[in-house]
Amino acid sequence: MVEIRVTDDSVDPTGATLIEGMPGVGLVGKIATDHVIESSEMTEFASVRGDGIPPVTVFDGDERDVHSPIRLYADDDADLIALRSDVPVHVMDAPLFTERITEWIVDHDVLPIYLGGLPAERGADEVPSIEGIGVGAGRDRLDEASVAPPDDGGMISGPPGALLSEAADGDVDAVGLMVDTDPRFPDPQGAHALIEQGINPVAGAAVETERLLDQAEEIMERRKELAKQMQQADQHKSSQVSRTGMYQ
């Protein structure tokens, strides 16, 4: 079984927008979600435990506390919540993970925003653009936020793909945001684009993003080892968007 264990029952996430930050290609989703958590000074209110989640403990600098590797955070008004993961989840081994997360989303009338990186070459000075897909009212939110639809067909693997598939099967409102990213390195520029062009307008948030660009080299260095692990992971473990093309 998979359990969402509430650690702070003063938080009411009902009606909030959820940002999903599972590790994936370029770590764009994780970098974006971690930045949202830090910039919005979110606090942890729940952890996710159970089948398919690696049995590890994580800890933060300057603290003695230990944490579950997958946790939920909320801002002061609980209008924005975030799913933070410090480990990849192998969806093929953990179907209950996507089912339980989706059940929780439905129970609390939450709109999830799932994030993915599309492996692509990008110039050093090129500003990445994002594309959006959605289920139900998620499509309307993308239209309202002026997020462009995909230029071509494709496939999303890993947890975001499984979660979007679960949303589609259950007709659950959801948004998927994708950005071009270099799969070899952590990509703070791509994370900046996800927040600036997607998360902020879709969620009606105002998360600052300049620090992602000002500290890009530092962020890349800190995330280099996790990015290497994600390159070695298979497509079911690593979140990734790929183009299928018209005839594939």
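How many salt bridges does a search of the whole structure find? The search returns 10. The model is a predicted one. The paragraphs below walk through some of these pairs, then turn to a residue in helix 4.

Some background comes before the pairs. Side chains of opposite charge can pair when their charged atoms come close.

Start with Arg84 and Asp34. These two residues form a salt bridge, and their closest N and O atoms lie 3.3 Å apart. Arg84 belongs to strand 5, which covers residues 80-85. Asp34 belongs to helix 1, which covers residues 28-39. The pair therefore ties together parts that are 50 residues apart in sequence.

Are Arg84 and Asp34 buried or exposed? Take Arg84 first. The cut-off for buried is under 20% relative accessible area. Arg84 has 12% relative accessibility, so Arg84 counts as buried. Asp34 has 2% relative accessibility, so Asp34 counts as buried too.

A network of salt bridges joins Lys30, Asp34, Glu44, Arg71, Arg84 and Asp86.

Now follow helix 1 to Glu38. Which residue does the side chain of Glu38 meet in a salt bridge? The partner is Arg211, at 3.8 Å from N to O. Glu38 lies in helix 1, while Arg211 lies in helix 6, residues 210-214. The two parts are 173 residues apart in sequence, so this pair ties them together across that separation.

Partly exposed residues fall between the buried limit of 20% and the exposed limit of 50%. Glu38 is at 39% relative accessibility, so Glu38 counts as partly exposed. Arg211 has a relative accessible area of 26%, which means Arg211 is partly exposed.

Arg211 also forms a salt bridge with Glu208. The closest N and O atoms of that pair are 3.8 Å apart. Glu208 has a relative accessible area of 36%, so Glu208 is partly exposed.

The last stop is Asp169. Where is Asp169 found? Asp169 is in helix 4, which runs over residues 158-170. Its relative accessibility is 65%, so Asp169 counts as exposed. Val135 is 34 residues away from Asp169 along the chain. The C-alpha atoms of Asp169 and Val135 are separated by 9.7 Å.

How values were computed
Residues are numbered from 1 along each chain as its sequence is written. This is a predicted model: local features need pLDDT of at least 70, side-chain atom pairs count only at pLDDT 80 or more; totals for chains, interfaces and linings use all residues. Side-chain values use heavy atoms; hydrogens and water are left out. Helices (H or I, at least four residues) and strands (E, at least two) are DSSP runs, numbered from the N terminus. Buried means under 20% relative accessible area, exposed over 50%, partly exposed in between (1.4 Å probe, protein chains only). A salt bridge is a side-chain nitrogen of Lys or Arg within 4 Å of a carboxyl oxygen of Asp or Glu.
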